[in-house]
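Dear colleague,

I am handing over a structure that you have not worked with before, and I would be glad if you could look through it with the notes below at hand. The sequence and the model come first.

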2 protein chains.
Amino acid sequence: MSTKAYAAFNAVDPLGPHTIERRNLDVNDVFIKIDYCGVCHSDLHTAQSDWGPTNYPAVPGHEIVGRVEAVGSEVTKYKVGDLVGVGCLVESCKHCHSCDEDLEQYCENGFTGTYNSKNSKYGGITYGGYSENIVVHEDFVLSVPTNLPLDAVAPLLCAGITTWSPLRHWNVKKGDKVGIIGLGGLGHMGVKFAKAMGAHVVMITTSESKGADAMKLGADEVLISKDPEQMKQHNYSFDFLLNTIPVAHDVNPYLLLLKLDKTMCMVGAIEPLPGVHGGVLINKRRNIAGSLIGGIKETQEMLDFCGEHNIVSDVEVIRMNEINEAYVRMQNSDVKYRFVIDLKTL
Amino acid sequence: MSTKAYAAFNAVDPLGPHTIERRNLDVNDVFIKIDYCGVCHSDLHTAQSDWGPTNYPAVPGHEIVGRVEAVGSEVTKYKVGDLVGVGCLVESCKHCHSCDEDLEQYCENGFTGTYNSKNSKYGGITYGGYSENIVVHEDFVLSVPTNLPLDAVAPLLCAGITTWSPLRHWNVKKGDKVGIIGLGGLGHMGVKFAKAMGAHVVMITTSESKGADAMKLGADEVLISKDPEQMKQHNYSFDFLLNTIPVAHDVNPYLLLLKLDKTMCMVGAIEPLPGVHGGVLINKRRNIAGSLIGGIKETQEMLDFCGEHNIVSDVEVIRMNEINEAYVRMQNSDVKYRFVIDLKTL
């Protein structure tokens with residue numbers, strides 16, 4: 001079986017329009033008709049070759065939801081008509097220590113990304129969700145709860161799991177004081193999840209208006225980080241900090257907010273952080289760490305939790321031909337909080 | 001009871017020679033005749049007011065061993081003639097969360113340092129171990145094993161516990177691959193402790209000759225950090241890194257050595273670290289943390305362990321009047337691995 005997807009990325013693809021061949025359906029593959037795909041900052045970084053040379057033509061998109069249209073002969077987990085999702089990973093080695101522990105995102109032999117990634121099994125480059133359909137091994141397909149608005153589920157597959165995984169890994173629980181630093185695609189999910197886990201959630205932001213928005217999303221309190229007096233009042237009081245700021249910044253004022261032995265986890269800034277102060281770490285045995293998306297098992301757990309707690313992203317649905325405008329607005333933080341492409345418009 | 005100690009610090013004390021009054025012996029106090037006192041980098045920093053204005057006249061020294069000469073009327077833990085030690089702390093609030101957990105070094109109301117610290121209970125400033133004697137509340141006095149050379153025990157009270165505490169806190173155990181970064185007063189104790197805990201110990205150093213020295217101290221392997229090829233071979237292989245480098249440096253090459261979820265703990269560099277890379281943390285959920293000396297309970301555990309395993313520091317014993325020369329040599333890393341003052345020479 002061979003089906004066609006289209007590079008939905010013409011405007012920034014220097015090679016112009018393309019027709020891209022999806023791979024044949026293998027025995028464990030699921031063929032998914034895509035309904036919606038979220039727009040992640042990674043998509044833009046890839047479009048612009050910010051992270052090294054992109055393999056053009058590129059089809060970004062790793063916040064994918066849709067329905068199963070066909071399954072390979074040995075597929076057992078899904079059947080035609082099932083509501084499913086695909087996140088950032090479509091393959092991993094499945095035999096390293098990380099894969100053994102359901103942490104495919106840390107696969108020691110390198111996972112296969114949903115787009116712009118070398119496909120070690122079938123050759124060529126992977127193409128993502130700005131497309132009518134996608135073919136994925138059943139082990140990397142997620143089951144989507146049927147009680148949620150499908151467009152608003154899409155961002156859970158990246159923005160959702162990226163915040164869920166560290167909140168779970170560092171064991172956020174009822175009564176913890178948790179700070180979510182930055183309110184965007186990641187931060188707004190961090191607020192919703194931490195709240196649903198029972199934490200006292202503090203939105204830490206430079207912006208009064210973002211603070212007010214966070215309260216509407218469920219935050220219990222707002223801390224304006226550019227006010228040294230407010231920061232001082234929260235000194236040494238947090239059990240966990242989730243730092244979603246997507247660019248390099250001075251992390252020391254945030255580290256001072258942590259109690260003894262507690263951790264600030266970075267999920268946004270994939271770049272050198274200026275001057276982390278050794279004394280701030282030493283003085284209270286504080287930790288700074290990072291976390292990368294999440295494994296398939298925990299992504300499923302997150303989706304199930306979202307179904308039970310009615311949690312979805314706040315989204316703005318766009319047409320495919322509005323993508324470049326959306327990129328510009330996303331760069332200006334002018335979206336609450338995630339663009340999602342309606343693939344019917346492709 | 002009032003006894004006299006002498007500021008052994010004339011050469012760098014701008015006020016010249018002084019006679020310093022020790023406080024009267026309170027009911028829970030132990031009066032210790034000092035035999036030996038180790039020379040810590042902190043002593044020099046205090047002498048030079050590197051960490052803010054020092055209260056001159058200052059008596060440094062917080063690696064103290066000696067014998068009990070008198071005890072207050074309610075002292076129960078020690079008796080005259082006991083072999084004892086005093087480390088970096090002589091008082092804490094005893095009612096905060098940290099003190100409750102035997103982590104007085106992180107006392108939320110601030111511990112009282114052994115020297116140059118405001119003495120909230122008795123007034124004035126604390127004076128340390130470059131002295132004939134010291135008066136300390138029994139709760140901050142340690143019992144010293146009798147089977148060890150006393151001069152070589154002294155540095156255990158700071159250099160020892162500073163490395164012991166993080167190795168224990170991060171649960172270093174048999175079979176772990178542990179890297180000790182830097183070979184000085186702290187590093188050489190890190191090698192001895194990690195080895196005694198059953199770890200495979202790798203000395204990570206820029207210097208071939210320090211590497212050879214570390215092997216004599218018990219290291220299993222040497223990794224020359226300025227050789228990118230060697231560093232690459234050890235990529236993603238360490239269970240724990242203890243970073244004893246006392247100054248700011250690029251930590252990213254070391255962080256890359258850590259396995260998934262593992263930690264590098266800083267104990268030396270109390271200053272901003274240039275450009276900790278967010279991606280290096282995120283990519284393998286790595287942690288960077290700090291650790292400060294240790295609590296009284298764990299200091300006692302360390303001393304007991306040293307008694308059982310015959311572990312002491314490698315020291316060079318000096319006379320009191322050689323202290324300024326020792327400071328210069330210490331700054332040039334020209335000591336294996338700790339100067340210890342013989343207080344008989346005062």
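This is a predicted model: local features need pLDDT of at least 70, side-chain atom pairs count only at pLDDT 80 or more; totals for chains, interfaces and linings use all residues.

Residues are numbered from 1 along each chain as its sequence is written, chains are lettered from A and ligands numbered from 1 in the order in which they are written, and side-chain values use heavy atoms, with hydrogens and water left out.

**Between the chains**

The contact (heavy atoms within 4.5 Å) takes 36 residues from chain B and 36 residues from chain A. Together the two chains bury about 2,900 Å², 62% of it on carbon and sulfur atoms, where buried area is the accessible area (1.4 Å probe) that two parts lose on being put together, summed over both. On the side of chain B, Tyr106(B), Ile282(B) and Arg285(B) lose the most area to chain A, together 25% of what that side buries.

There are zero salt bridges between chain B and chain A, a salt bridge being a side-chain nitrogen of Lys or Arg within 4 Å of a carboxyl oxygen of Asp or Glu. The side of chain B that touches chain A draws two or more residues from each of several elements, including helix H4 (159–169) and strand S14 (258–266) of chain B; helices (H or I, at least four residues) and strands (E, at least two) are DSSP runs, numbered from the N terminus. The largest share, five residues, comes from H9(B).

Strands also meet across the contact, since two strands pair if DSSP finds at least two bridges between them. Two bridges join strand S15 (residues 272–273) of chain A to S16(B), and these strands run antiparallel, with Pro272(A) opposite His277(B).

**Within chain A**

Strand S13 (residues 238–243) and strand S14 (residues 258–266) of chain A pair in the parallel sense over five bridges, and Phe240(A) has Thr263(A) in S14(A) as its bridge partner. S14(A) is also joined by four bridges to strand S17 (residues 287–290) of chain A, again in parallel, and there Met266(A) stands opposite Gly290(A).

Over all chains, the structure holds 34 salt bridges. In one of them the side chains of Arg338(A) and Glu63(A) meet at 2.7 Å, N to O. Arg338(A) lies in strand S19 (residues 338–342) of chain A and Glu63(A) in the loop between helix H1 (41–47) and strand S4 (64–71) of chain A, so the pair ties together parts that are 275 residues apart in sequence.

**Backbone points to check**

Most residues other than glycine have a negative phi, and most peptide bonds are trans. A cis peptide bond joins Lys336(A) and Tyr337(A), with omega about -15 degrees, and Tyr337(A) lies in the loop between helix H11 (323–331) and S19 of chain A. In chain B, a cis peptide bond joins Lys336(B) and Tyr337(B), with omega about -10 degrees. Ile293(A), although not a glycine, has a positive phi of about 25 degrees, and this residue is found in the loop between S17 and helix H10 (296–309) of chain A.

With best wishes
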